[in-house]
Amino acid sequence: MPDPKTGASRRQQLEAVYRQTGKKPKSLRTDPPPEGTAYLWGWFCELGDCSYTEIHHWAALKRVHLLPWEVDVLRHLDHLRSKAWHDRNSASRTSR
């Protein structure tokens with residue numbers, strides 16, 4: 001939830017602390033992806049839009065056989081990206 005005074009999200013506040021102090025707060029630290037799954041991030045970045053149709057056409061063009069759980073991961077990442085975009089844009093509208 002955005003700060004009522006500044007409209008900044010918790011992440012934005014933590015990133016500001018990191019920029020000012022040079023020390024990364026624990027909440028911003030992330031673990032590397034599980035071994036053997038980095039390729040999914042590459043596919044996600046290539047795809048852009050992860051609707052079922054886009055995934056299907058991308059996989060056909062690339063001749064990639066996707067397993068059902070891989071499609072689920074791509075769709076979940078797309079959902080997280082959409083949510084982050086929405087949260088960021090709604091926060092910036094309230095801070096104007």
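Colleague: Is W43 buried or exposed?

Modeller: Some ground rules come with the answer. This is a predicted model, where local features need pLDDT of at least 70, side-chain atom pairs count only at pLDDT 80 or more, and totals for chains, interfaces and linings use all residues. Residues are numbered from 1 along each chain as its sequence is written, and side-chain values use heavy atoms, with hydrogens and water left out. Buried means under 20% relative accessible area, exposed over 50%, and partly exposed in between, with a 1.4 Å probe and protein chains only. W43 has 17% relative accessibility, so W43 counts as buried.

Colleague: How is a pair of aromatic rings described?

Modeller: By the distance of the centres and the angle of the planes. Rings of Phe, Tyr and Trp (its six-membered ring) pair if their centres lie within 6.5 Å; planes under 30 degrees apart are stacked, over 60 edge-to-face, and the rest tilted. The whole structure holds three aromatic pairs. In one of them, the ring centres of Y39 and W43 are 4.8 Å apart and the planes stand at 80°, so this pair is edge-to-face.

Colleague: Where do Y39 and W43 lie?

Modeller: Both are in helix 2, four residues apart, about one turn of the helix. Helices here are DSSP runs (H or I, at least four residues), numbered from the N terminus. Y39 is partly exposed, at a relative accessible area of 31%. Ring pairs join Y39, W43 and W58 into a cluster.

Colleague: Which residues make up the largest nonpolar core?

Modeller: A nonpolar core is a set of buried Ala, Val, Leu, Ile, Met, Phe, Trp, Tyr and Cys residues joined through side-chain atoms within 4.5 Å. The largest one here has 12 residues: L40, W43, F44, L47, C50, I55, W58, A59, L66, V71, L74 and L77. Helix 2 gives the most, with four residues.

Colleague: What does A59 contact, leaving aside its neighbours within four places in sequence?

Modeller: Contact means heavy atoms within 4.5 Å. On that basis, A59 is in contact with V64 and L66, its neighbours within four places in sequence being left aside.

Colleague: Which residues does D78 touch, not counting residues up to four places away in sequence?

Modeller: With those left out, D78 touches F44, G48, D49 and C50. D78 is found in helix 4. D78 counts as buried, at 12% relative accessibility.

Colleague: And where is R75?

Modeller: R75 also lies in helix 4. R75 is partly exposed, at 29% relative accessibility. Not counting residues up to four places away in sequence, R75 touches C50, S51, Y52 and I55.

Colleague: Where is R63?

Modeller: In the loop between helix 3 and helix 4. R63 is not a glycine, yet has a positive phi of about 55°. R63 counts as exposed, at 79% relative accessibility.

Colleague: What shows where empty space is left?

Modeller: Rolling a probe the size of a water molecule over the atoms. On a 1 Å grid over the protein atoms alone, a pocket is an open set of points where a 1.4 Å probe fits, with protein on both sides within 12 Å along at least five of seven lines; lining residues have an atom within 4 Å of a point. The largest pocket has a volume of about 290 Å³. Of its 10 lining residues, S9, R11, A84, D87 and R88 are the closest to its centre. Helix 4 supplies the largest share of the lining, six residues.

Conventions:
Points joined across faces, edges and corners; volume = space filled by probe spheres on them. Helix = DSSP H or I, 4+ residues; strand = E, 2+ residues; numbered from the N terminus.
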